[in-house]
Amino acid sequence: MKSFQRKRSRSVRVLIISAILALVGGTVIVASPDVRDAAHRAMLPVWNLSIPSERIAGNVIALFRTRASLERDIEALRNEVKQLQLETLELPILRAENERLQELWRRRVYENSLLGRVLARPNVTPYDTFVIDVGGRDGVGAGDIVLVEQVAVGRISSVFAKTSIAQLFSAPGVETNVSIATSSLSLTATGLGAGNFIAEVPRGIDIREGDTVVLMDVSERLFAVVERVEAEASDPFQTIRFQLPVTMSKVDFVEVVVDGVYPIRVETEVDAALEPDI
Amino acid sequence: MVMFVSWWAAGLVALVLLFRYRAYEVVLWGIVIDMLYGAPIPILGGIPLLFTVGSLVTFLAVEYSKRFLVFYT
């Protein structure tokens with residue numbers, strides 16, 4: 001009985017020590033910019049993966065073709081036909097993407113802005129963030145504003161060499177200074193996640209559903225639209241709920257308004273180690 | 001799975017694994033999520049460690065609760 005209790009308390013001690021070590025190790029890893037930069041570099045090929053699986057399978061099959069010359073030729077020709085067919089299928093997609101990019105580029109409001117492709121969206125990332133494919137090498141800096149369809153949706157929170165993380169203004173707990181367009185009333189909106197915000201104003205202020213909200217620190221452009229106004233008789237304040245006019249799960253490209261000189265070359269130890277010798 | 005599906009789907013699988021095994025990989029999952037997607041959030045004083053702490057707490061809670069579940073006796 002005693003040996004069982006001793007064994008059990010030892011097991012609990014080991015568990016607690018392991019948990020403390022894991023927490024310390026995790027903090028060190030997550031806080032290290034170089035480690036995070038390396039992780040983002042490792043993930044880039046995965047995020048960029050857009051080759052149809054049939055093409056991959058076709059290339060693998062080609063490696064195992066038989067030695068008989070006729071069968072080898074037939075297999076090679078078959079694979080070539082498959083690839084050409086897949087490339088033909090991709091053409092409409094690439095054409096549509098090209099047109100969309102040109103349209104977005106023409107509609108830029110700021111001259112010093114970059115177009116970035118979204119690698120991971122809020123439905124994949126748990127922090128209400130975008131991972132985008134422009135980073136320090138392209139001139140992106142922490143704090144740069146991120147626009148979607150000319151609506152300011154967030155700021156760059158972390159910058160790596162080739163990627164960066166944009167945190168949405170609607171991230172849970174994040175406070176943003178906004179203003180109601182019709183009344184010029186300034187207030188603090190608290191993010192609820194997924195493009196939703198909540199704010200409290202005194203009851204006497206006339207605010208209605210459909211009123212537009214603008215972002216005070218950035219520009220006087222549309223930021224959100226008031227969805228609901230809740231007021232109880234006993235409460236001196238009324239609660240306003242509003243939402244970004246953009247569907248985050250369907251965003252493919254974002255515009256990053258960069259400050260300072262463009263492009264900015266960011267040299268890191270990781271960059272130097274990975275630079276090819278030319 | 002972390003790379004391709006929603007974080008909550010991966011979280012559900014992690015929870016199942018925790019009850020089935022002593023899955024230390026779940027803590028690693030939390031660290032990887034924070035490393036790739038972490039952003040400062042007010043809840044933790046601006047530190048992007050929500051999933052590291054969350055996965056650790058969940059791991060310890062599940063290990064502790066296993067002692068009281070008939071299934072594991």
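A:Thr176 has its place in strand 6 (residues 175-180) of chain A, where strands are DSSP runs of E with at least two residues, helices are runs of H or I with at least four, and both are numbered from the N terminus. This is a predicted model, in which local features need pLDDT of at least 70 and side-chain atom pairs count only at pLDDT 80 or more, while totals for chains, interfaces and linings use all residues. Residues are numbered from 1 along each chain as its sequence is written, chains are lettered from A and ligands numbered from 1 in the order in which they are written, and side-chain values use heavy atoms, with hydrogens and water left out.

**Surroundings of A:Thr176**

- A:Thr176 counts as buried because its relative accessibility is 5%, the term buried meaning under 20% relative accessible area, with exposed over 50% and partly exposed in between (1.4 Å probe, protein chains only).
- Leaving aside neighbours within four places in sequence, A:Thr176 is in contact with A:Phe169, A:Leu187, A:Thr188, A:Ala189 and A:Leu215, contact being heavy atoms within 4.5 Å.

**Aromatic pairs in chain A**

- Five aromatic pairs are found over all chains, where rings of Phe, Tyr and Trp (its six-membered ring) pair if their centres lie within 6.5 Å, and planes under 30 degrees apart count as stacked, over 60 as edge-to-face and the rest as tilted.
- One of them is the tilted pair of A:Phe197 and A:Phe223, at 5.2 Å centre to centre with 55° between the planes; this pair links strand 8 (residues 196-202) of chain A, which holds A:Phe197, with strand 10 (residues 222-231) of chain A, which holds A:Phe223, 26 residues apart.
- Both A:Phe197 and A:Phe223 are buried.
- A:Phe197 and A:Phe242 form a stacked pair, because their ring centres are 5.4 Å apart and their planes lie at 15°; A:Phe242 lies in strand 11 (residues 237-243) of chain A, so the pair ties strand 8 of chain A to a part 45 residues apart in sequence.
- A:Phe197 has a relative accessibility of 0%, and A:Phe242, with a relative accessible area of 1%, is buried as well.
- Ring pairs link A:Phe169, A:Phe197, A:Phe223 and A:Phe242 into a cluster.

**A:Ser158 and chain B**

- A:Ser158 lies in strand 4 (residues 151-159) of chain A and counts as buried at 12% relative accessibility.
- Not counting residues up to four places away in sequence, A:Ser158 touches A:Arg36, A:Ser164, A:Ile165 and B:Gly38.

**Confidence**

- Chain B averages a pLDDT of 80, and 88% of its residues score at least 70, pLDDT being the predictor's confidence in each residue, from 0 to 100.
- The predictor gives the complex an ipTM of 0.73 and a pTM of 0.65.
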